[in-house]
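Visitor: Please take one part of this structure and look at it closely. Then set that part in its wider surroundings.

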Number of protein chains: 2
Amino acid sequence: MRLIVCFLSLLTVFGPGKCGNILVWYNEGSHWINLKIVLETLVDRGHNVTVLVPDASLFMKAKDSDRFVYQPFNVSMDEQEMRDFIDEFLHFSVYEMDQLNLLQIFDVVLSDPIYACSDIVAEELGIPLVYTFRFSLAHAAERMCGQIPAPPSYVPGAMSKLTDKMSFTERVFNMLFYLSQDALAIIAWKKFDNYYSEYLGRPTSFCEMMSKADIWLIRTYWDFEFPRPFLPNFKYIGGLHCTPAKPLPKDMEEFVQSSGDDGIVVFTLGSLIDKMPKETSNRIASALAQIPQKVLWRYGGEKPDTLGENTRIYKWIPQNDLLGHPKTRAFITHGGTNGIYEAIFHGVPMVGIPLFGDQPDNLAHMKAKGVAVVMDNLKTMRPQELVDGLNAIINDSSYKENAMHLSRIHHDRPMKPLDESVFWIEFVVRNKGAQHLRVEAHNLTWYQYHCLDVFAFLFTILTVVLYVFFKMCKFFIMRCCFRSKRKSKKE
Amino acid sequence: MRLIVCFLSLLTVFGPGKCGNILVWYNEGSHWINLKIVLETLVDRGHNVTVLVPDASLFMKAKDSDRFVYQPFNVSMDEQEMRDFIDEFLHFSVYEMDQLNLLQIFDVVLSDPIYACSDIVAEELGIPLVYTFRFSLAHAAERMCGQIPAPPSYVPGAMSKLTDKMSFTERVFNMLFYLSQDALAIIAWKKFDNYYSEYLGRPTSFCEMMSKADIWLIRTYWDFEFPRPFLPNFKYIGGLHCTPAKPLPKDMEEFVQSSGDDGIVVFTLGSLIDKMPKETSNRIASALAQIPQKVLWRYGGEKPDTLGENTRIYKWIPQNDLLGHPKTRAFITHGGTNGIYEAIFHGVPMVGIPLFGDQPDNLAHMKAKGVAVVMDNLKTMRPQELVDGLNAIINDSSYKENAMHLSRIHHDRPMKPLDESVFWIEFVVRNKGAQHLRVEAHNLTWYQYHCLDVFAFLFTILTVVLYVFFKMCKFFIMRCCFRSKRKSKKE
């Protein structure tokens, strides 16, 4: 039956293919939320999906779904030491993976390289590796391990909060950011290097193992990213989790409709920030009370004293459905990538209140693209700033126009991001890898890559030629002078 | 009616869109053969296509098809001077384009930048520009005007006959090839720079104008190219002209079937080489007579004396249909890109006899990918070499396996190359450009791009810091010494 589903589903979109066994590496949080959607589609298309999940996982719960095979493994998270964590992982890959292997032969390992060691498992099983990745600090892993070129003059390092248009000072900062992050990454990876070399019994490195990935699925696109060079095995599939809006619950729809022409504002600071100090929530509520729009605020804390008539607090909101509602005028967001992509999908301008991690950088992108006003931070934000920000993005039509432009770019691509992700995972299964997309740079040393040996050689040649030339000139000049002197002496 | 066709056709593949007026710049030879297929599809989808064609064009004949509007212009090809040619073009764009403009507003200019000045017309009309391009020498235009990065350590310059796996000597050669071609290109473009600046009344350059292109449709793909860095507005659409084989004419099919299990060899040196010296054709015929396969040879010259029973000469052959025939074992080709792509499409190994232009380089790619044996040249090739080459690619199964692998890569992509070309042309029409895919590098000077100003600044800072540090060290050491000396003197 599964084979028939597979055959039919492959025929419908991409033509005949083969159904594969896909091993998914442990990952967490928003990484998992995003990846799960790809996995659901792969199961719909008849593939077998096995997910490695540690007992201590927060997000990967076997009970969530019975569509994947969950392969649990023990990990002593009390000690919380990376080495132990890797030990467990490697122990699993050496001793327990064999048992899995007897059950079924896997065709591909799918992982987020933020969660290390999937590369070593792919190597052990002798199968291809597909990464799904958001970014590393200053793109250090993409540049040093993935060999993606990134001129520091116009490619801002991830987390730098810079854009592709940099002043001289910003370019100096970006260069120093690249250099310092590269140095830190090399130091941080040293631990892994030793471990990997020890385990494989030959000198290798974290970066070398990572470089073997067949495909890097990058969870952004040119709606979010500034255009930059990339490589044939980097596929930009940002926003794959976005879907058209579904109808709202009845009471929520009534509240939304009551906003009239002013429309609504959707407000959430993400799943991790559910509560905040009373003083902060009061400041925010007093700001929200000043705008003519109705506000839907996802908040788990105590009701603020200053809460206006126009604002309703919800423990949970259907964020995507609200952002896709025709009455929605603005989105107040902490700037997580998933939420930003839902706003882009539906063309909603944003007020950003960045909290931590990649959020300030994400919002710097949105600000540069003219779709967001960004607050400094939650702690110091004055109510008037929030009011001004909201009024700006709602009343200055350029924000809405830019948001609609980003939305058009987002939707108007040759293939939907979810289909493209599935295509490349299945490509790797069908063709046993995608090594024809992997650049030869991986086999060069750093001085070969940058042609330093070539420059040294050409410089040496040039020096020798110039030296011989000047020596010869000197010789001939001396000879001429000598002759003319002898001549004049004789005379 | 046309509007209905447009609406329906856009709905079927990409969803609703808008039909555009597409202005196609003059081009010639295989460029035109390839582009015409895209234009046919655009007309099928309801767009208006207007082709600028000089009276003297060899390939672009208005009588060929009445599906496009042909807009002829006079050009004095007797004088055959580039300046005159450009003069005519610019005269046309200034004085006659206005008349066209009155008739209908264009949405996009489509051109091969090998045929200059389309950029200036796009600028004058204030509309986007889409390039269809094969390559420039050592990728000088793509690198310097398109800002595509190309590390000389693993990206062989176009026409260098190198691969991505280079020895030290080859890397030195590649570097010198890049440097020399860049210098030559800059000199060659100087003429255009002056002309463009004069015409536009502001300092500009050929390269600057070229850099404004919204999309570069590159007529290759990773089946043919070695993987390399590229940019979001570079789309690799190689092989868009290839189609499944149609049935052969009856007598040809009978001859092909008579080959039995040995199969057939297809032989053509392209449309430009129709005849050759008797001695050469005799040499080739005597070689072909020695193989067990039947040979179909496209040749317009006199019948060679040594022609074997197994070889038939044709004034014209349906090349693509023959390459797609199940009996076909090998393709003897001069190595034109269009022919190579038909062989890749159908998975046929090749014997290459390169003649001129990009053919030696194209065949070097095919040799590196393990699908071709390449002769030195037609003039010196001994019959035994050709026999050995044919026997190798027919009897050593690795050639066929590699050819089938390339064929799989060619077919197994998210979107067919013709559809992808049409998609991006229509994207530019729908969105009035694709500037969001254009890197900020275009707005940097060369020293900013390479961070030379940043390095100079950091180097200066470092020097000053070190200088001050050593001066201070010296001062303190001196002071210490002086004190201890004074002390010892006192004692």
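Guide: His411(B) sits in helix H14 of chain B. The model is a predicted one. With a relative accessibility of 42%, His411(B) counts as partly exposed, because that class runs between the 20% limit for buried and the 50% limit for exposed. A span of 74 residues along the chain separates His411(B) from Thr337(B), and their C-alpha atoms are 17 Å apart.

Thr337(B) belongs to the buried residues of H11(B). That helix covers residues 337-346, and H14(B) covers residues 397-411. The axes of the two helices come within 6 Å. They cross at roughly 95 degrees. H11(B) is therefore roughly perpendicular to H14(B).

Now the residues at this crossing. H11(B) contributes Tyr341(B), Ile344(B), Phe345(B) and His346(B). From H14(B) come Ala403(B), Leu406(B), Ser407(B), His410(B) and His411(B). So His411(B), partly exposed as it is, is also one of the residues that meet H11(B). By type, the contact residues divide into five nonpolar and four polar. None is charged.

H11(B) itself is largely enclosed by the rest of the structure, because 10 of its 10 residues are buried. Its buried residues include Asn338(B), Gly339(B), Ile340(B), Glu342(B) and Ala343(B). Tyr341(B), Ile344(B), Phe345(B) and His346(B) are on that list as well, and these four are the H11(B) side of the contact with H14(B). The cover over H11(B) includes helix H2 (29-44), helix H10 (319-323) and helix H12 (359-368) of chain B. H14 of chain B is part of that cover too, as are E11 and strand E12 (350-352). Just after H11(B) comes Gly347(B), with a positive phi of about 70 degrees.

Strand E11 of chain B deserves a stop. It spans residues 328-333, and Thr328(B) lies in it. Thr328(B) has a relative accessible area of 5% and is buried. Leaving out residues up to four places away in sequence, Thr328(B) touches Ile264(B), Val266(B), Leu322(B), Leu323(B) and Val348(B).

Next, chain A. Helix H12 (residues 359-368) of chain A is largely enclosed by the rest of the structure, since seven of its 10 residues are buried. Those buried residues are Gln359(A), Asp361(A), Asn362(A), Leu363(A), Ala364(A), His365(A) and Met366(A). Among the elements that cover them are helix H11 (337-346) and helix H14 (397-411) of chain A. Strands E11 (328-333), E12 (350-352) and E13 (372-374) of chain A also take part in the cover. After H12(A) comes Gly370(A), whose phi is positive, near 75 degrees.

Last, the pair of chains. Together the chains bury about 4300 Å². Carbon and sulfur atoms account for 70% of that area. Asp412(B), His436(B) and Glu440(B) supply 14% of what chain B buries against chain A, more than any other three residues. The copies meet through the same surface, because 100% of the interface residues of chain B are also interface residues in chain A.

Notes:
Residues are numbered from 1 along each chain as its sequence is written. Chains are lettered from A and ligands numbered from 1 in the order in which they are written. This is a predicted model: local features need pLDDT of at least 70, side-chain atom pairs count only at pLDDT 80 or more; totals for chains, interfaces and linings use all residues. Side-chain values use heavy atoms; hydrogens and water are left out. Contact means heavy atoms within 4.5 Å. Axes are lines fitted to C-alpha atoms, for helices over the stretch in contact, and angles run from 0 to 180 degrees between N-to-C directions. Angles under 35 degrees count as roughly parallel, over 145 as roughly antiparallel, 65 to 115 as roughly perpendicular and the rest as oblique. Ala, Val, Leu, Ile, Met, Phe, Trp, Tyr, Cys and Pro count as nonpolar, Asp, Glu, Lys and Arg as charged, and the others, Gly among them, as polar. Buried means under 20% relative accessible area, exposed over 50%, partly exposed in between (1.4 Å probe, protein chains only). Buried area is the accessible area (1.4 Å probe) that two parts lose on being put together, summed over both.
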